[in-house]
Amino acid sequence: MVSKEFVRQIEGYGLTTAQIIYRIPDHPGVLQTYVWQEYDLAPRFPVLHDFLAFWERELDGPLHSVRVSHSCLIKPAEFRAVNGVLTLH
């Protein structure tokens, strides 16, 4: 059985990490950090946008900022041109 994460990577999804900084509802001057990770499609990030919409709709802590990083873990093979051939006996 193939894992759901592997299938998503084959479909073009990459691992997306978001550092979400938000204000604590009872103390608006204090910032808190939340780290979110999921497989998502760059550059539109629909899964992240859905999560942030949920956050703003359901949670009390207002967002301050979001920092996003993305990496495709499965990439096409990379080839380099060879300048010469070395034969060993």
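# Briefing on a predicted protein model

The charged end of R8 sits over the ring of Y13, at 4.3 Å from the ring centre; this description applies if NZ of Lys or CZ of Arg is within 6 Å of the ring centre and within 35 degrees of the ring normal. The model is predicted, and local features need pLDDT of at least 70, side-chain atom pairs count only at pLDDT 80 or more, and totals for chains, interfaces and linings use all residues. Residues are numbered from 1 along each chain as its sequence is written, and side-chain values use heavy atoms, with hydrogens and water left out.

**Overall architecture**

- The protein contains two helices and three strands, taken as DSSP runs numbered from the N terminus (helices: H or I, at least four residues; strands: E, at least two).
- Along the sequence, these elements follow the pattern α-β-β-α-β.
- Of the 89 residues, 19% count as buried; buried means under 20% relative accessible area, exposed over 50%, and partly exposed in between (1.4 Å probe, protein chains only).

**Nonpolar core**

- The largest nonpolar core has nine residues: A18, I20, Y22, W36, F45, L48, F51, L52 and W55. Such a core is a set of buried Ala, Val, Leu, Ile, Met, Phe, Trp, Tyr and Cys residues joined through side-chain atoms within 4.5 Å.
- Strand 1 and helix 2 are the elements that give two or more residues to this core.
- Helix 2 gives the most to the core, with four residues.

**Aromatic pairs**

- Rings of Phe, Tyr and Trp (its six-membered ring) pair if their centres lie within 6.5 Å; planes under 30 degrees apart count as stacked, over 60 as edge-to-face and the rest as tilted. By this rule there are six aromatic pairs.
- The ring centres of Y22 and W55 are 5.0 Å apart and the planes stand at 65°, so this pair is edge-to-face.
- This pair links distant parts of the chain, 33 residues apart: Y22 belongs to strand 1 (residues 14–24) and W55 to helix 2 (residues 46–58).
- Both Y22 and W55 are buried.
- F51 and F54 form a tilted pair, with 6.4 Å from centre to centre and 40° between the planes.
- Both F51 and F54 lie in helix 2, three residues apart, which is about one turn of the helix.
- F51 is buried, with a relative accessible area of 18%, whereas F54 counts as partly exposed at 35% relative accessibility.
- Ring pairs link Y22, Y34, W36, F51, F54 and W55 into a cluster.

**Salt bridges**

- The whole structure holds two salt bridges, each defined as a side-chain nitrogen of Lys or Arg within 4 Å of a carboxyl oxygen of Asp or Glu.
- E38 counts as partly exposed, at 29% relative accessibility.
- E58 and R57 also meet through their side chains in a salt bridge (3.4 Å, N to O).
- E58 counts as partly exposed at 48% relative accessibility, while R57 counts as exposed at 56%.
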